[in-house]
Amino acid sequence: MARVLIQFAHPALSKSNVHRVLMDYCRNLKNVTFNDLYESYPDMFIDVDREQRLLLQHDIIVFQYPLYWYSSPAIVKQWLDLVLEHNWAYGARGKALVGKKLLCVISCGGGSDAYTDMGRNHYPVHQFLHPFEQTARTCNMEYLPPFVMYGTYRTTKDDIVQFGEDYQTILSTLTHDKLNMLNYQDATYFNELLPALHTAGAR
Ligand SMILES: Cc1cc2nc3c(=O)[nH]c(=O)nc-3n(C[C@H](O)[C@H](O)[C@H](O)COP(=O)(O)O)c2cc1C
């Protein structure tokens, strides 16, 4: 089985509607480690050795967060800046992450219609994630299509529960090494792969 590390970042969890519920679907799963970055490092002093050890112990790294100002909450950037060291994660002698996979799981206040050429936010969400995509490439990791929840200001509890169940299905697919049964290289978003996952009865 593959080991999944969820790097979770939400700076205001007490005000959260979405991620507070999602946590119930991704914590305590077999072969999944849930690492709450703001809980571990409320003062942003990241323990680089601990984080690098965690990375080495896992095959798939998930960044789970709400989209903030078209980017990630600040601790994710701090984490990237400090943990992905030269000649460890990248560079001539930086081989620690080679072959691992990287997946972004994000929620957005804006609806999918806002993330279009003509929409309010002008660009599709996957374009706001290019820094993660290129970071994965630089570290010789494989970047997976992101899993995105849109329109969180209008979502119902049922929508969040459905997203949580789908998230659990994705995590189960990843831990059971069943990704290859999907044509995932052609997908822009992991969301597109869910019908195939449901047909295959993945859980
Ligand atoms: C500081 C801040 C910045 C935000 N920036 C964006 C943004 O750039 N795009 C967007 O679609 N939503 C944005 N939102 C909305 C959040 O993404 C949304 O509220 C969150 O995904 C919902 O998850 P939660 O209920 O777990 O907090 C922002 C919210 C806050 C508080």
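Which atom of the ligand is 2.9 Å from a polar backbone atom of Gly-110? An oxygen atom of the ligand sits at that distance. Keep in mind that this is a predicted model.

Stay with the ligand for a moment. Ser-107 brings a polar side-chain atom to 2.5 Å from an oxygen atom of the ligand. Trp-69 uses its backbone instead: one of its backbone N or O atoms lies 2.8 Å from a nitrogen atom of the ligand. How much of the ligand does the protein bury? On its own, the ligand exposes 630 Å². The protein buries 78% of that area.

Ser-107 also leads us into the fold. Strand S4 covers residues 101–107. S4 is mostly covered, with 6 of its 7 residues buried. Take one example: Ile-61 has Leu-102 in S4 as its bridge partner.

Now turn to the largest nonpolar core. This core holds 37 residues. Which members touch the most others? They are Leu-55, Phe-63, Tyr-65, Trp-79, Leu-97, Ile-106 and Phe-132. H4 supplies the largest share, 5 residues.

Look closely at Leu-97. Leaving out residues up to four places away in sequence, Leu-97 touches Leu-55, Leu-84, Trp-88, Ala-89, Cys-139, Asn-140 and Met-141. Another core lies apart from the largest one. This other core has 33 residues, including Phe-8, Val-62, Ile-170 and Tyr-184.

End the tour at helix H6, where Gln-134 has its place. Is Gln-134 buried, exposed or partly exposed? Its relative accessible area is 41%, so Gln-134 counts as partly exposed. That value falls between the 20% limit for buried and the 50% limit for exposed. Finally, compare Gln-134 with Arg-27. The two residues are 107 residues apart along the chain. Their C-alpha atoms are separated by 28 Å.

Definitions and conventions: Residues numbered from 1 in each chain as written. Predicted model: local features only at pLDDT ≥ 70, side-chain atom pairs only at ≥ 80, totals over all residues. Heavy atoms only, no water. Core = buried A, V, L, I, M, F, W, Y, C linked by side-chain atoms within 4.5 Å. Buried < 20%, exposed > 50% of the residue type's maximum accessible area, 1.4 Å probe, protein only. Helix = DSSP H or I, 4+ residues; strand = E, 2+ residues; numbered from the N terminus. Contact = heavy atoms within 4.5 Å. Polar contact = N/O pair within 3.5 Å; in protein donor to acceptor, adjacent residues only side chain to side chain. Areas by Shrake-Rupley, 256 points an atom, 1.4 Å probe, with all protein chains shown as cover. Pairing = 2+ DSSP bridges.
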